[in-house]
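Keep the viewer open as you read.

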Amino acid sequence: MAPSAEPRPSVGRTVHYVSHGTPVRSDGSQQFPPACRAAVVTEVDADDPGRVGLAVLNPTGQFFHPLQTGGSVYGDAEARLGGSWHRPERV
């Protein structure tokens with residue numbers, strides 16, 4: 001669930017989606033590790049505002065992660081868990 005100190009996500013907001021990366025090899029490495037990708041909130045779960053549907057913008061194309069297939073849950077930007085979303089870091 002999104003932290004109460006921050007505003008609830010809303011449709012059209014830009015967030016970061018953390019990709020899962022490629023499968024982990026036997027030596028523990030990954031060809032492509034998890035990475036932040038730009039995403040747009042397309043829907044918000046009425047019962048859990050931390051769970052949203054996303055349109056993810058990857059360098060090689062778009063990926064849609066709707067609530068119907070599970071959506072994406074809010075995650076801590078520091079932990080960067082694959083499949084989660086967080087607000088963009090300020091730079």
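Setting aside neighbours within four places in sequence, Thr-22 is in contact with Gln-30, Gln-31 and Phe-32, where contact means heavy atoms within 4.5 Å. Thr-22 sits in the loop between β1 and β2. Its relative accessible area is 23%, so Thr-22 counts as partly exposed; buried means under 20% relative accessible area, exposed over 50%, and partly exposed in between, using a 1.4 Å probe and protein chains only. Thr-22 and Glu-78 are 56 residues apart in sequence, and their C-alpha atoms are 20 Å apart in space.

Before going further, please note that this is a predicted model, in which local features need pLDDT of at least 70, side-chain atom pairs count only at pLDDT 80 or more, and totals for chains, interfaces and linings use all residues. Residues are numbered from 1 along each chain as its sequence is written, and side-chain values use heavy atoms, with hydrogens and water left out.

Ser-19 belongs to the loop between β1 (14-18) and β2 (36-44). Is Ser-19 buried or exposed? Ser-19 is buried, because its relative accessible area is 14%. Leaving out neighbours within four places in sequence, its contacts are Pro-33, Pro-34, Ala-35, Arg-37 and Gly-82.

Now to the strands. The chain has 0 helices and 6 strands, and its pattern along the sequence reads β-β-β-β-β-β. Helices (H or I, at least four residues) and strands (E, at least two) are DSSP runs, numbered from the N terminus. Two strands pair if DSSP finds at least two bridges between them.

| Strand pair | Bridges | Direction |
|---|---|---|
| β2 and β3 | 6 bridges | antiparallel |
| β3 (residues 51-58) and β4 (residues 61-65) | 5 bridges | antiparallel |
| β3 and β5 (residues 72-74) | 2 bridges | antiparallel |

You can trace these pairings residue by residue. Ala-38 has Leu-57 in β3 as its bridge partner, and a hairpin joins β2 to β3 through 6 residues. On the β4 side, Ala-55 is partnered by Phe-64, while Leu-54 stands opposite His-65. A hairpin is formed by β3 and β4 too, with 2 residues between them. Towards β5, the bridge partner of Arg-51 is Val-73. As a guide for viewing, side chains in a regular strand alternate between the two faces of the sheet.

Finally, the chain as a whole. Its C-alpha atoms fill a box of roughly 40 × 25 × 25 Å along the principal axes.

Of the 91 residues, 30% are buried. Among contacts with a separation of 6 or more, 41% come from residues 24 or more positions apart. The accessible surface comes to about 5900 Å², and 54% of this area belongs to carbon and sulfur atoms; the areas come from the Shrake-Rupley method with a 1.4 Å probe, and for residues only the protein chains shown count as cover.
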